[in-house]
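Subject: Structure handover and findings

Dear colleague,

I am passing the structure below to you, together with an account of what was found in it. Please read the notes alongside the coordinates.

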Amino acid sequence: MSSHVEPAYRYLTPEVCARIEALRSRYPDRRALLMPALWAIQEAHGWVPLEAQTELAAYLGVPPVWVHEVVSFYNMYHERPVGRYLIYVCGNIACSLRGARRLLRYLLDRLGVAERAVTPDGLFTVERVQCIGACERAPVIQVNGEFIGPVDEAQLDDLIATLRAKAREVTP
Ligand code: FES
């Protein structure tokens, strides 16, 4: 099925296409295949820019808007580059009442970065999100999928130091 892949494709590399083809039998419906296919692209490239979405639509033979709807609905897909550690700060009501806005500001200032940007060392991206379903731990953050909360400024300092140290371990 991969014979129709154009060599000019930038994001649908042969490896990504192979992963998508392996998924086809489990997801015979092309719409259902979109999510795992997008995930394959993101794992390979770190994000799913519009160009990659267009390529996927062409590859699967679906309208580009189908792909874009999925990417823009789920915040697990990134339309811009993100740092190695993606920190979500919940900004919904329970967390806001317990200081989430202050913590978000603290984190951004501490890292010297704007919201949704990547720190110059490529390590961190911070983003305010809607309720992440752990209100009982408010104010709560999520770091690469792991919930941490309730958090305060001192814990954020520790977290940053720990993640920087971890990054040094894996990057000689
Ligand atoms: S309001 Fe923050 S996790 Fe629900």
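The buried residues of helix α6 pack against β1 (85–90), α5 (93–97), β2 (124–129) and α7 (153–170), where contact means heavy atoms within 4.5 Å, and where helices (H or I, at least four residues) and strands (E, at least two) are DSSP runs numbered from the N terminus. This is a predicted model, in which local features need pLDDT of at least 70 and side-chain atom pairs count only at pLDDT 80 or more, while totals for chains, interfaces and linings use all residues. Residues are numbered from 1 along each chain as its sequence is written, and side-chain values use heavy atoms, with hydrogens and water left out.

Helix α6 covers residues 100–111, and its 12 residues should span 16 Å at 1.5 Å a residue, which agrees with the 16 Å between its end C-alpha atoms; the expected span is 1.5 Å times one less than the number of residues. Ala100, Leu103, Leu104, Leu107, Leu108 and Leu111 are buried in α6 (buried means under 20% relative accessible area, exposed over 50%, partly exposed in between, with a 1.4 Å probe and protein chains only). Seen down the helix axis, the buried residues of α6 fall within an arc of 130°, so they line one face, the arc being that of the directions from the axis to the C-beta atoms. The face turned away from that buried side carries the exposed residues Arg101, Arg102 and Asp109, and just after α6, Gly112 takes a positive phi of about 65°.

On a 1 Å grid over the protein atoms alone, a cavity is a set of points where a 1.4 Å probe fits but cannot get out, a pocket is an open set with protein on both sides within 12 Å along at least five of seven lines, and lining residues have an atom within 4 Å of a point. Grid points are joined across faces, edges and corners, and a volume is the space filled by probe spheres set on the points. The largest share of the cavity lining, 3 residues, comes from α6.

The largest pocket has a volume of about 340 Å³ and is lined by 16 residues, of which Trp39, Gln42, Met76, His78 and Leu86 lie nearest its centre. Helix α2 (30–45) and β1 each supply at least two residues of this lining.

Best regards
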